[in-house]
Amino acid sequence: MLVSTKPNSTQTEQPVAEITPDAQSVTSSERAVNQSVAISARANANSVPTNAVTKMTAAGVNLHYGPKHALKNVSATFPEKTITALIGPSGCGKSTFLRCLNRMNDLIDGCKITGDIQLDEENIYARGVDVVQLRQRVGMVFQKPNPFPMTIWDNVAYGPRLRGIKNKNLLAEIVQESLEGAALWNEVKDDLKKSALGLSGGQQQRLCIARALATKPEVVLMDEPCSALDPISTLKIEELMRELRSQYTIIIVTHNMQQAARCSDKTAFFLLGELVEMDSSSKMFTDPSDKRTEDYITGRFG
Amino acid sequence: MNPTLPAPSSAVSDRVRPLPPMSSSLMTKRRVSNNVMKGLCGLATILAIIPLFLVLYYVTIQGIKVMNPAFFTEVQRPAGDPGGGFKHAIVGTLMMVGLASCIGLPVGILGGIYLSEFGQNRFGFIVRFATDVLNGIPSIIIGVFVYSIAVLPVSRATREWNDPITFSAWAGGLALGIMMIPTVMRTTEEIVRLVPQSLREGALALGDTRWHSTLKIVLGAAKGGVITGVLLAIARIAGETAPLLFTAADSLYMNLNPSKQTASLPVRIYLSATSPDDHWNALAWGGAFVLVAMILILSLLARYATRARNV
Ligand SMILES: Nc1ncnc2c1ncn2[C@@H]1O[C@H](COP(=O)(O)OP(=O)(O)O)[C@@H](O)[C@H]1O
Ligand SMILES: [Mg+2]
């Protein structure tokens, strides 16, 4: 089903069956070795953040929604503990690409994906990969805040409970930690047993971030997390992203050029299903190599 | 094959032409027809609720006359003997509605969830059509059906040749349960379908399985509506007479054993109201009053459940 179209032949060319389905069983030193090999092999791919370890890669990804060719041969690398922004006009496939990274597109009828997407050197579309476990490692925050109709506490504890954590004290610790991580703790610490639906939009979105953090993901995908928020909440979430950067690999879709320029280390520009250009944000926003990127970020179309 | 850039949008057109003014005769005509239609709709609404209020009024006036503790704590006495009550019928109805719920609720709710979440295929289409047909089948047919599958075979297997047929509350509950399924299933399906996709995705993105997220998040978000559907379905079957005639039949005695024939409010009302005894006729009104009150309370609870916040 999946055609491996990796450009770098030195990279893991082993057949799919040999890939360990459970990435957590690979020791970190093993992983580091694999990755250093991969980095040298990919040295020409993106000159950005210098010695960063690559967390995720996409190579030659094509996606069809029925007859519609939504992603055309997209390749990208995402270094660990950096923020990568995906920009581009509406309908160019940013969300679609983001949703490939935690296999949320699996749910859509008639959606066909080919190519190769790797998390820590493992193809996430390989047979035998547990989607549930993948999504615990690659969390997601959506465009519209989507708190569950439960208490704040239950919202945050939802993910850890799925992992089988039942101990109240441990759960309470995780809930506090995650809410603190999402800069929401001080605002809700007395209302943990109240409905999450009573929070403001900005608070709900931070709750959704806390909920995603509570499963201790390695990668956090954010699909325009600020588009439904007021400027103050937006600032809070941007601040939050910068803090989270030290622990998580963050990939964020945004329509806001300033946001991309302010917050991200790398930026990828999508147009009509193609990835036009991907580079360090400082380069992308000052000296893009592609004329189309320049036109877009200077606001000539979009 | 580089994508081409979209052309820059053209400047806003300045050719906005004003419409001619509306004539005053046209405005009058529209106002008059608006008021006439409004009046007709109001009249039709009043005509629709008059029967409801007349029924409620009449049943209350007649039924309240026999409302006393004995009505709820005693069974009917022989004709001609004043006093007695409908305890056996009330208990029988509660018992059979309970049995029916044990069948109708799990099948209806799980089936509704299946239709909404996984039923966008040929099988789902067939099931949906079948439940709609089942919903339209006259209740007496359901009664005959249960009679032939759950009353006669049991009777044949257990009774001596000249014993009476063994009607039972089991059979009555089964008939009522079958009648509940379509209502519960379709309302559950409609309500669950309304739960925003973003909630499902939110749970799946946390590493939840499809089934667990459906039970926990989707059903949790839809529970107000599902409870409403359940209460309305119960209210509907509580007053059914025809399916019970052949299944639970009737009894003049208090009975808690579901394997025996059992009285119910609707059947007792029917038989007492058509008996020649004046006091039994009065008790029938009392039974009708209790039944209507039960259904009214269930409907009110259903309204309340819909309105309640989802936490
Ligand atoms: N579920 C779907 N089925 C069919 N087409 C889709 C679906 N989701 C998105 N698309 C199409 O794919 C293209 C990319 O969409 P999307 O990734 O949402 O764009 P973006 O997030 O960049 O605005 C759009 O043309 C959109 O119409
Ligand atoms: Mg989008």
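Which strand of chain A does strand β1 (residues 54-65) pair with, and over how many bridges? The partner is β4(A), and the two run in the antiparallel sense over eight bridges.

## About the model

This is a predicted model, in which local features need pLDDT of at least 70, side-chain atom pairs count only at pLDDT 80 or more, and totals for chains, interfaces and linings use all residues. Residues are numbered from 1 along each chain as its sequence is written, chains are lettered from A and ligands numbered from 1 in the order in which they are written, and side-chain values use heavy atoms, with hydrogens and water left out.

Let's start with β4(A), which covers residues 111-119. Strands here are DSSP runs of E with at least two residues, helices are runs of H or I with at least four, and both are numbered from the N terminus. Seven of the nine residues of β4(A) are buried, so the strand is largely enclosed by the rest of the structure. Buried means under 20% relative accessible area, exposed means over 50%, and partly exposed lies in between (1.4 Å probe, protein chains only).

Two strands count as paired if DSSP finds at least two bridges between them.

A:Asn62 is a residue of strand β1 of chain A, and with 17% relative accessibility it counts as buried. Beyond its neighbours within four places in sequence, A:Asn62 has contacts (heavy atoms within 4.5 Å) that include A:Lys112, A:Ile113 and A:Thr114. Among its other contacts are A:His69 and A:Leu71.

## Where chains A and B meet

Across the interface, 31 residues of chain A are in contact with 25 residues of chain B. The buried area, meaning the accessible area (1.4 Å probe) that two parts lose on being put together, summed over both, is about 2,400 Å², and carbon and sulfur atoms give 69% of it. A:Pro149, A:Tyr158 and A:Arg292 supply 22% of the area that chain A buries against chain B, more than any other three residues.

One salt bridge is counted between the two chains; the term means a side-chain nitrogen of Lys or Arg within 4 Å of a carboxyl oxygen of Asp or Glu. The side chains that form this bridge belong to A:Arg99 and B:Glu201 (3.0 Å, N to O).

## Salt bridges within the chains

Over all chains, the structure holds 27 salt bridges. In chain A, the side chains of A:Arg262 and A:Glu238 meet at 2.7 Å, N to O. This pair links distant parts of the chain, with A:Arg262 in helix α9 (residues 257-263) and A:Glu238 in helix α8 (residues 231-244), 24 residues apart. A:Glu238 is buried at 1% relative accessibility, while A:Arg262, at 43%, is partly exposed.

In chain B, B:Arg268 and B:Asp250 form a salt bridge (2.5 Å, N to O). B:Arg268 lies in helix α10 (residues 265-273) and B:Asp250 in the loop between α9 (242-245) and α10, so the pair ties together parts that are 18 residues apart in sequence. Both B:Arg268 and B:Asp250 are buried. Chain B also has a network of salt bridges that links B:Arg128, B:Asp132, B:Arg186, B:Glu189, B:Glu190 and B:Arg193.
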